[in-house]
Amino acid sequence: MNPSLTALRFSPERALELGRQTLSIEAAAVDALKNRINADFSRAVELILNCHGRLIVSGMGKSGHIARKIAATMASTGTPAYFVHPAEASHGDLGMITRDDVLLALSNSGESEELLRIVPLVKRQGARLISMTGSASSTLAREADVHLDAGVSQEACPHNLAPTASTTAALALGDALAVALLDARGFGPDDFARSHPGGSLGRRLLTHVADVMRAGEQVPAVLPGTDISEAIIAMSRGGLGLVAITDLTGRTLGIFTDGDLRRAFEKRIDLQQGSIDSVMHPAPRTIGPDRLAVEAVEMMERLRINALLVTDADGILVGALNMHDLFTAKVI
């Protein structure tokens, strides 16, 4: 089509109308799936759970793109899965499927020639078949051990042709399967982190306070009774914006921060006189070294502070960290 003619036909109002209509149609298609979450859905979950091999997900065209995403979601949430292209399966990749596997086949019509060609061979090997189609009377639905109905009343496409609502529904139903399986396997945050070690999710779920805190001589600490001026010098040398006040055993008694120093100036407190005990915060908020670093972030944001002391179960000072340490570790 001539681009100039296309530009002449463009209507902002029409674009907004179609955008909203598309979202309404697709939302309705997904909402309608709730009434189809029945015993067949439970059987599909059970079939995959009891599988001794892997979940093989397959589909052609747009269904193939959805199948790839479902396989990726399954693999990242505790269900070993991968995508097999049905056309490639007919040319050698069928050898990737074993009798211990479960095949999840996606086709809106349920009549995809490439899928139907491999179904008898897959079943002959002993693998089980779950179909996800838009027609319960389709060939693929009839051949399956379990059928999941992902049918929609209409596509969002104005011509009711382009796969839009149907692919959204299939994707949502695949996510529902993945979540049910995740829960049944007892798959938790630590498991999720182990399958996402390279990204921000992994850092947030795998990084502990002990991994990012400063320890030993890097944490400025003084004894109670220390002159305020000496405590300020120790705080400046530490570069953390704080100094901890501990007893001889290392038990945390208080904290003095840059903010406390500014407030002392505002109150015209004589910093050359008196001990740190008179200006410190007693019984400060602390965090344990085995807590997640993201929990330290949450605590700092909630309390509106920039640093935390780290103590063990007995209240002994073992480290400290500030927002800069968390930024450097890419936890934030």
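Reader: What volume does the second largest pocket have?
Author: The second largest pocket comes to about 230 Å³. A pocket is an open set of points on a 1 Å grid over the protein atoms alone, where a 1.4 Å probe fits, with protein on both sides within 12 Å along at least five of seven lines; its volume is the space filled by probe spheres on the joined points. This is a predicted model, where local features need pLDDT of at least 70 and side-chain atom pairs 80 or more, while totals for chains, interfaces and linings use all residues. Residues are numbered from 1 along each chain, and side-chain values use heavy atoms, without hydrogens or water.

Reader: Which residues lie nearest the centre of that second largest pocket?
Author: Met60, Ser63, Ser107, Asn108 and Ser109, out of 17 residues in the lining (an atom within 4 Å of a point). Helices H4 (61–76) and H8 (165–184) each supply at least two lining residues, and so do strands E3 (102–107) and E4 (128–133). Helices (at least four residues) and strands (at least two) are DSSP runs.

Reader: OK, and how much space is in the largest pocket?
Author: About 430 Å³. Its lining has 20 residues, with Thr257, Arg304, Ile305, Asn306 and Ala307 nearest the centre. Strand E8 (252–257), helix H13 (258–266) and strand E11 (307–311) each give two or more residues to that lining.

Reader: Which element gives the largest share of the lining there?
Author: H13, with five residues of the largest pocket's lining.

Reader: Switching topic: where is Thr246 found?
Author: Thr246 sits in strand E7, which covers residues 242–246.

Reader: Is Thr246 buried or exposed?
Author: Thr246 is buried, because its relative accessible area is 8% and buried means under 20% (exposed is over 50%, with a 1.4 Å probe and protein chains only).

Reader: What is Thr246 in contact with?
Author: Setting aside neighbours within four places in sequence, Thr246 is in contact (heavy atoms within 4.5 Å) with residues including Ala221, Val222, Leu223, Pro224 and Leu317. Arg251, Thr252 and Leu253 are also among its contacts.
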